Amino acid sequence: MSKPRLTYFAGRGFAEVTRLALNAAQIEYDDVYLRTREEFLQLITDGKLMFKQVPLLEIDGKNLIGSECVLRYVCNKAKLQGKSDDDQSKIEMLSMGARDMLKGGFSGAKFQATPEKEEEMLQSAAKQCKDRYLPVFEKVLGENKSGFLVGDSLTMADLMFFDGLSYVNEIPKIKSLLDDFPNCKAFIVHFSSQPGIKEYLASPRRHPPPNDEYVRGVRKVLNPPSS
Ligand SMILES: N[C@@H](CCC(=O)N[C@@H](CS)C(=O)NCC(=O)O)C(=O)O
């Protein structure tokens with residue numbers, strides 16, 4: 001089997017949770033970073049991007065797109081799903097909450113047109129996170145006791161939660177939000193020490209939250225020059 005190839009930009013975005021899954025499963029893969037519009041258009045010409053969007057995971061002879069479909073494929077393959085139907089529905093619900101928490105704006109804020117809009121989006125995401133999402137994750141972690149969200153081993157829910165939570169932890173302006181959620185803080189430490197994940201997080205393949213340079217790079221690839 002050839003090594004899977006994950007095509008995206010040189011940043012976290014929609015690809016990061018799949019990178020976390022591949023590393024947790026200790027599946028070797030290549031990161032392919034899009035740097036030019038031509039590279040992106042070539043993928044479309046080659047018929048690899050069903051909806052003309054990345055991330056793309058080339059694996060087992062397939063071109064998989066749709067970040068959550070890609071993630072599920074890896075999690076199914078690596079047995080990072082529930083061991084019972086009951087566990088699986090918990091995993092799905094928590095994953096959905098984690099996805100919504102992240103999509104509130106932690107990664108999107110940097111892409112806003114002005115610094116004021118960026119700040120507004122970040123603060124709104126932080127408020128939602130504090131009021132709606134973190135209290136739930138805090139309680140679930142307190143009840144489950146294994147250090148993972150569901151059952152006694154790492155699952156898709158942990159991957160999605162860590163993806164969102166690590167933005168809060170790494171954006172200095174909002175980090176103090178975690179002070180009221182000790183179980184979530186402990187989760188970061190526990191998750192970060194898992195085999196495969198520990199090495200990945202310490203490697204140059206783990207990117208920081210988006211900065212201005214990253215935003216410029218993504219725009220260059222996605223936005224056709226105006227005529
Ligand atoms: N639902 C898709 C959305 C992916 C997406 O919006 N990707 C952006 C890059 S972050 C893209 O390829 N945009 C190009 C376009 O929409 O034309 C997923 O979850 O993968």
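I'll start with a helix pair: helix α1 (residues 16-24) and α3 have axes that come within 9 Å and cross at roughly 5 degrees. That makes α1 roughly parallel to α3, a term for angles under 35 degrees. Axes here are lines fitted to C-alpha atoms, over the stretch in contact, with angles from 0 to 180 degrees between N-to-C directions. Helices are DSSP runs of H or I with at least four residues, numbered from the N terminus.

This is a predicted model, in which local features need pLDDT of at least 70 and side-chain atom pairs count only at pLDDT 80 or more, while totals for chains, interfaces and linings use all residues. Residues are numbered from 1 along each chain, and side-chain values use heavy atoms, without hydrogens and water.

From α1, V17, T18, A21 and L22 meet S67, V70, L71, V74 and C75 of α3; contact means heavy atoms within 4.5 Å.

Next, the other partner. Helix α3 (residues 67-77) packs against helix α6 (residues 156-170) at about 135 degrees, with the axes 10 Å apart. That makes α3 oblique to α6, the class left after under 35 (roughly parallel), over 145 (roughly antiparallel) and 65 to 115 degrees (roughly perpendicular). On α3 the contact uses L71, R72 and C75, and on α6 M156, L159 and M160.

Now the ligand. Around the ligand, with a heavy atom within 4 Å, are residues including F9, K52, Q53, V54 and S67. The side chain of S67 has an N or O atom 2.5 Å from a ligand oxygen. A polar backbone atom of V54 is 2.8 Å from a ligand nitrogen.

How values were computed
Helices (H or I, at least four residues) and strands (E, at least two) are DSSP runs, numbered from the N terminus. A polar contact is a pair of N or O atoms within 3.5 Å; within protein, one must be able to donate a hydrogen and the other to accept it, and residues adjacent in sequence count only if both atoms are side-chain atoms.
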